[in-house]
Amino acid sequence: MFLSADEWQIVDLSLKVSGCAVVFTLPPAFALAYLLARGRFPGKILLDALVHLPLVLPPVVTGWLLLIGFGQRGPIGSRLHEWFGLTLIFRWTGAALAAGVMALPLMVRAMRLSIEAVDRRLEGAARTLGASGWRVFWTITVPLALPGVLAGLVLGFARSIGEFGATITFVSNIPGETETLPIAIYAALQVPGSDAIVTRLAVTSVILSLGALVLSEVLSRRAGAGQGGHVL
Amino acid sequence: MSFDVDVRRRMGPNTEVAIGFATGPGLTALFGPSGAGKTSVLGMIAGLIRPDAGHVRVAGETLFDLDAAIDMPCARRAAGYVFQDARLFPHLRVRANLRYGQRRATTPAMSLEAMAAFLGIDHLLDRWPRTLSGGEAQRVAIGRALLSGPRFLLMDEPLASLDTARRGEVMILIERVRDQLGLPILYVSHDRGEVDRLAGTVVEMG
């Protein structure tokens with residue numbers, strides 16, 4: 001293709017960071033979506049707002065909060081290091097964390113919509129047929145919500161690919177470790193005469209994002225059960 | 001006694017469903033106009049709605065009794081519930097829909113194949129629910145309920161959404177179920193003709 005080896009490495013890293021971000025964000029995102037769709041508890045509005053916070057907060061603030069929480073001396077970061085020998089700051093894993101946090105609101109939104117669209121009378125029918133709560137959940141609720149879950153995954157992936165502000169604040173720009181597509185583009189823009197690199201990386205970004213959006217839309221339309229709808 | 005029901009439940013600020021009846025074997029019709037709360041009564045017997053007070057006993061077994069603090073979970077009541085709108089699982093083929101409740105049936109009276117033949121749905125097993133006509137879907141729903149090893153059947157206007165020709169077919173089927181399987185059946189309807197033809201006992205409501 002038209003990318004150089006270094007540029008391929010950037011794309012590769014971006015895909016790795018985003019892939020990890022959505023895979024690890026999926027379980028908490030689904031749990032939150034389920035809670036917000038079905039739960040009735042005090043403080044629900046607050047939880048809803050908290051989940052959406054990364055969407056409206058300046059990304060640099062989110063990055064700074066991650067720095068405080070997950071940094072070497074942060075309350076979470078120091079324990080992760082102590083117990084698991086895991087360091088996030090200035091590592092690609094930290095980039096994945098930042099991307100995951102930024103993708104969370106979009107993922108929760110998509111999944112919540114599809115969980116809300118599940119016909120609860122079908123769950124009642126399953127219970128009359130002898131299904132336990134868990135069986136109803138895994139055989140009725142989850143499969144019926146699946147298109148939205150997949151759409152949320154793809155949407156979260158697209159969001160992760162584009163993540164910039166929180167990432168550069170939290171893990172900085174380290175080529176080969178945390179230099180994802182948007183960060184590489186930004187860095188290249190600072191160097192005179194690198195228009196060609198910027199163009200190639202930007203075109204790659206557009207292709208990836210467009211592909212993910214189209215895929216997400218296709219998934220949510222193909223709601224096997226004739227339910228579901230648009231996520232965007 | 002087949003159904004021994006005495007339940008009360010507030011459904012809204014000004015509506016309360018309250019009914020008491022005891023029936024013999026065979027098919028009992030719960031008859032009354034739309035909005036009388038017939039479906040709510042079925043829901044309370046099946047365990048989908050919790051009554052505010054009273055008791056539900058079917059074939060000698062107590063499923064709910066407020067005073068004795070008995071409230072058997074819906075999944076264990078072994079109700080064969082046939083809903084008005086069939087309520088087939090849209091993401092499962094007909095065969096998987098029929099199989100869904102089978103694991104509860106400890107002593108399957110009939111295999112899936114025999115049931116499909118009994119109900120005339122053997123040619124539909126590999127179809128998706130959305131491709132079925134109303135009458136076909138309702139027959140599958142009856143099969144699904146029967147294959148779950150029910151101790152009794154609850155039928156909520158199973159003919160209401162069908163055209164006249166299909167009604168006749170499904171009615172004949174319900175008569176066969178009533179006469180050949182010997183399960184207590186509570187059948188909700190607002191149609192006098194249906195009730196007269198199918199029911200041994202009629203409970204008026206509303």
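Buried, in this notebook, means under 20% relative accessible area, and exposed means over 50%. I am working from a predicted model, and I began with the aromatic residues.

**Entry 1: the rings of chain A**

I looked up F137(A) and found a relative accessible area of 15%, so this residue is buried. Then I turned to W138(A), which counts as exposed at 53% relative accessibility.

Next I checked F30(A), which is buried with a relative accessible area of 13%. Y34(A) comes out as partly exposed, at 26%. How are the rings of F137(A) and W138(A) arranged? Their centres are 5.1 Å apart and their planes stand at 80°, so I noted the pair as edge-to-face.

Where do F30(A) and Y34(A) lie? Both are in helix 1 (residues 5-38) of chain A, 4 residues apart, which is about one turn of the helix.

I then counted aromatic pairs over all chains, and the structure holds 9 of them. F30(A) and Y34(A) make a stacked one, with 6.5 Å centre to centre and 25° between the planes.

Which residues do the ring pairs link into a cluster? I wrote down F30(A), Y34(A), W134(A), F137(A) and W138(A).

**Entry 2: two helices of chain A**

I moved on to helix 5 (residues 92-116) and helix 7 (residues 133-161) of chain A, whose axes come within 8 Å and cross at roughly 160°. Angles over 145 degrees count as roughly antiparallel, so helix 5 of chain A is roughly antiparallel to helix 7 of chain A. The crossing of helix 5 of chain A past helix 7 of chain A is right-handed.

Who makes the contact? From helix 5 of chain A I listed A99(A), M102(A), A103(A), L106(A), M107(A), A110(A), M111(A), S114(A) and I115(A). Helix 7 of chain A brings A145(A), G148(A), V149(A), G152(A), L153(A), L155(A), G156(A), R159(A) and S160(A). Sorting the residues of this contact gave me 12 nonpolar, 5 polar and 1 charged.

**Entry 3: a leucine in chain B**

My last stop was L181(B), found in helix 5 (residues 164-181) of chain B. Is L181(B) buried, exposed or partly exposed? I have it as partly exposed, with a relative accessible area of 30%.

What does L181(B) touch, leaving aside its neighbours within four places in sequence? I found contacts with M110(B), L146(B) and R176(B). For L146(B) I also looked up the spacing: its C-alpha atom is separated by 9.4 Å from that of L181(B), and the two residues are 35 residues apart along the chain.

How values were computed:
Residues are numbered from 1 along each chain as its sequence is written. Chains are lettered from A and ligands numbered from 1 in the order in which they are written. This is a predicted model: local features need pLDDT of at least 70, side-chain atom pairs count only at pLDDT 80 or more; totals for chains, interfaces and linings use all residues. Side-chain values use heavy atoms; hydrogens and water are left out. Axes are lines fitted to C-alpha atoms, for helices over the stretch in contact, and angles run from 0 to 180 degrees between N-to-C directions. Angles under 35 degrees count as roughly parallel, over 145 as roughly antiparallel, 65 to 115 as roughly perpendicular and the rest as oblique. A crossing is left-handed if the near helix is turned anticlockwise from the far one by less than a right angle, and right-handed if clockwise. Contact means heavy atoms within 4.5 Å. Ala, Val, Leu, Ile, Met, Phe, Trp, Tyr, Cys and Pro count as nonpolar, Asp, Glu, Lys and Arg as charged, and the others, Gly among them, as polar. Buried means under 20% relative accessible area, exposed over 50%, partly exposed in between (1.4 Å probe, protein chains only). Rings of Phe, Tyr and Trp (its six-membered ring) pair if their centres lie within 6.5 Å; planes under 30 degrees apart count as stacked, over 60 as edge-to-face and the rest as tilted.
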